[in-house]
Amino acid sequence: MEQTDVRLRAAKDDLADAVAWVARSLPTRPTQPILRGMVFVAGDEGLEIAGYDYEVSTQIRIAAEISETGRFAVNGKLVSDIVSKLPNKPIDMHYDGTKVLVTCGKSRFELPAMTLEDYPALPSVPAATGTIDPQLFTEAIGQVAVAAGRDETLPMLTGIRMETEGNMVTMAATDRFRLAVRTFEWNQIPEGNAELLIPAKTLADTARSLDAGSSEPVTLAFGDGSDGRAVGADGLLGILADPRRTTTRLLDAEFPKFRPLLPKQHSSLASVRIDPLREAIRRVSLVADRGAQIRMDFSEGQVVLSAHGDEAGRAEEVLECAFVGEPLLIAFNPGYLSDGLSAIHTDRVVMGFTQPSRPAVLIPEPDELPEAGEDGMFPNPETEFTYLLMPVRLPG
């Protein structure tokens, strides 16, 4: 039988952060009204707050003074909006079986309680599979998520492919116009390799909420294979970063085979400072028609950026550029190009080309650029991050 008299008090900042984090994952157009709910569980160890929409679950525990233990549910986004605007004083919550009274100082809100019997049971987190530094995890996801697709009719492109092999992890995402690939090391717990397709939006939202400065590793949980099933067979990924816990249902789709798309050598290489290049792209693309291209004309010592629009006119800017190989004129979508540059965290970007009609590669500048081989081609430098970008067809 549900407790019908629950009382608790929590610090405003702690409660506001917790309900805001859970509310971000609640659906705006739920298939069932109960999924708008946020569940509060007041127990001897503090207050646990949770949300679930059958795809993503979020749970967080905070310190609270619990006068009467029990559970209740209330409209999540509404209570988050209310708590965020309350004064910086302790917040009291009282559930009496039909409504939830929220008081803080002289503010008082009376909210209808939701029926807990209708709320779905939260999924169990699979066995822990490995741990990773939160800063590294956040960086890697940010680098690859930018290339993920947003077309829900192509679910295989809305995810981030994650492959584990021993202590090495590879993440990849593509929307068919660009491809981002990142490799990094983690601490594997059970032996065994895995291949997962994780919803990119959920993974990116979770990464943004992590404390990148924390010394506590993030635990990824998608099974240890101890029951004889394949790792990841539960169809769930758990992300545990105390006191927060997220689960997400994996995508049941086939991710494109991406490794054959990555060129192993280039006919020309360019090295450009990223900040001036991004600023030049922003300026030059001001005159470009919506969705129009930006041209890059590479030659020894420089790159000329240009764009034009039917009504806005033409713009051109020259930047210094270290360039080796045959001169090249190539065109890109300026937004996709800027996205790739923003994902590279070195002072300079190295761009590798084969032909104006073939994809270009953007990587962080290595310590040394490779020398051309006997065939005049430059091998692709070793790198932990690669951004592959399709060019735009040049007219004529």
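Before the first residue, a word on naming: strands here are DSSP runs of E with at least two residues, and they are numbered from the N terminus. On that basis Ser-268 sits in strand S20, residues 268-273. Please keep in mind that this is a predicted model.

Let me stay with Ser-268. Is it buried or exposed? Ser-268 has a relative accessible area of 1%, so it is buried. Setting aside residues up to four places away in sequence, its contacts are Phe-323, Val-324, Gly-325, Glu-326, Met-351, Gly-352, Phe-353 and Phe-378.

Now the helices. Helix H1 covers residues 12-24. With 13 residues at 1.5 Å a residue, H1 should span 18 Å, and the C-alpha atoms at its ends are 18 Å apart, so the two agree. Which residues of H1 are buried? They are Lys-12, Leu-15, Ala-16, Ala-18, Val-19, Trp-21, Val-22 and Ala-23. As a reminder, an α-helix has 3.6 residues a turn, so residues three or four places apart point the same way.

What does H1 pack against? Two packed helices are described by the angle between their axes and the distance between the axes. For H1 and helix H2, residues 76-85, the axes come within 9 Å and cross at roughly 150 degrees. Angles over 145 degrees count as roughly antiparallel, and H1 and H2 are therefore roughly antiparallel to each other. Their crossing is left-handed. On the H1 side the contact is made by Lys-12, Leu-15, Ala-16, Val-19, Ala-20 and Ala-23. On the H2 side, Gly-76, Lys-77, Ser-80, Val-83 and Ser-84 take part.

Helix H5, residues 274-284, packs with helix H6, residues 334-342, at an angle of about 160 degrees, and the axes are 10 Å apart. That angle makes H5 roughly antiparallel to H6. H5 and H6 also have a left-handed crossing. H5 brings Ile-274, Leu-277, Arg-278 and Ile-281 to this contact. H6 meets them with Pro-334, Leu-337, Ser-338, Leu-341 and Ser-342.

One more helix, H4, residues 200-209. How much of H4 is covered? Mostly: seven of its 10 residues are buried. Those are Ala-200, Thr-202, Leu-203, Ala-204, Thr-206, Ala-207 and Ser-209.

Next, the aromatic rings. The structure has eight aromatic pairs. The pair I picked is Trp-186 with Phe-222: the ring centres are 6.2 Å apart and the planes are at 5 degrees, so the pair is stacked. Trp-186 belongs to the loop between strand S13 (178-185) and strand S14 (187-188), and Phe-222 to the loop between strand S16 (218-221) and strand S17 (236-241), so the pair ties together parts that are 36 residues apart in sequence. Are these two buried or exposed? Trp-186, at 3% relative accessibility, counts as buried. Phe-222 is buried as well, with a relative accessible area of 1%. Elsewhere, ring pairs join Phe-40, Phe-72 and Tyr-95 into a cluster.

Now some backbone items. Most residues other than glycine have a negative phi, and most peptide bonds are trans. Tyr-54 is not a glycine, yet its phi is positive, about 75 degrees. Tyr-54 lies in the loop between strand S3 (46-52) and strand S4 (56-62), and at 35% relative accessibility it counts as partly exposed. Arg-176 also has a positive phi, about 85 degrees, without being a glycine. Arg-176 is in the loop between strand S12 (168-174) and S13. With a relative accessible area of 57%, Arg-176 is exposed.

Where is the cis peptide bond? It joins Asp-242 and Pro-243, with omega about 10 degrees. Pro-243 falls in the loop between S17 and strand S18 (244-249).

Another proline to finish. Pro-90 is in the loop between H2 and strand S7 (91-95). Its relative accessible area is 44%, so Pro-90 is partly exposed. Apart from neighbours within four places in sequence, Pro-90 contacts Arg-9, Ala-10, Thr-103 and Cys-104. From Pro-90 to Arg-29 is 61 residues in sequence and 32 Å in space, C-alpha to C-alpha.

Notes. Residues are numbered from 1 along each chain as its sequence is written. This is a predicted model: local features need pLDDT of at least 70, side-chain atom pairs count only at pLDDT 80 or more; totals for chains, interfaces and linings use all residues. Side-chain values use heavy atoms; hydrogens and water are left out. Rings of Phe, Tyr and Trp (its six-membered ring) pair if their centres lie within 6.5 Å; planes under 30 degrees apart count as stacked, over 60 as edge-to-face and the rest as tilted. Helices (H or I, at least four residues) and strands (E, at least two) are DSSP runs, numbered from the N terminus. Buried means under 20% relative accessible area, exposed over 50%, partly exposed in between (1.4 Å probe, protein chains only). The expected span of a helix is 1.5 Å times one less than its number of residues. Axes are lines fitted to C-alpha atoms, for helices over the stretch in contact, and angles run from 0 to 180 degrees between N-to-C directions. Angles under 35 degrees count as roughly parallel, over 145 as roughly antiparallel, 65 to 115 as roughly perpendicular and the rest as oblique. A crossing is left-handed if the near helix is turned anticlockwise from the far one by less than a right angle, and right-handed if clockwise. Contact means heavy atoms within 4.5 Å.
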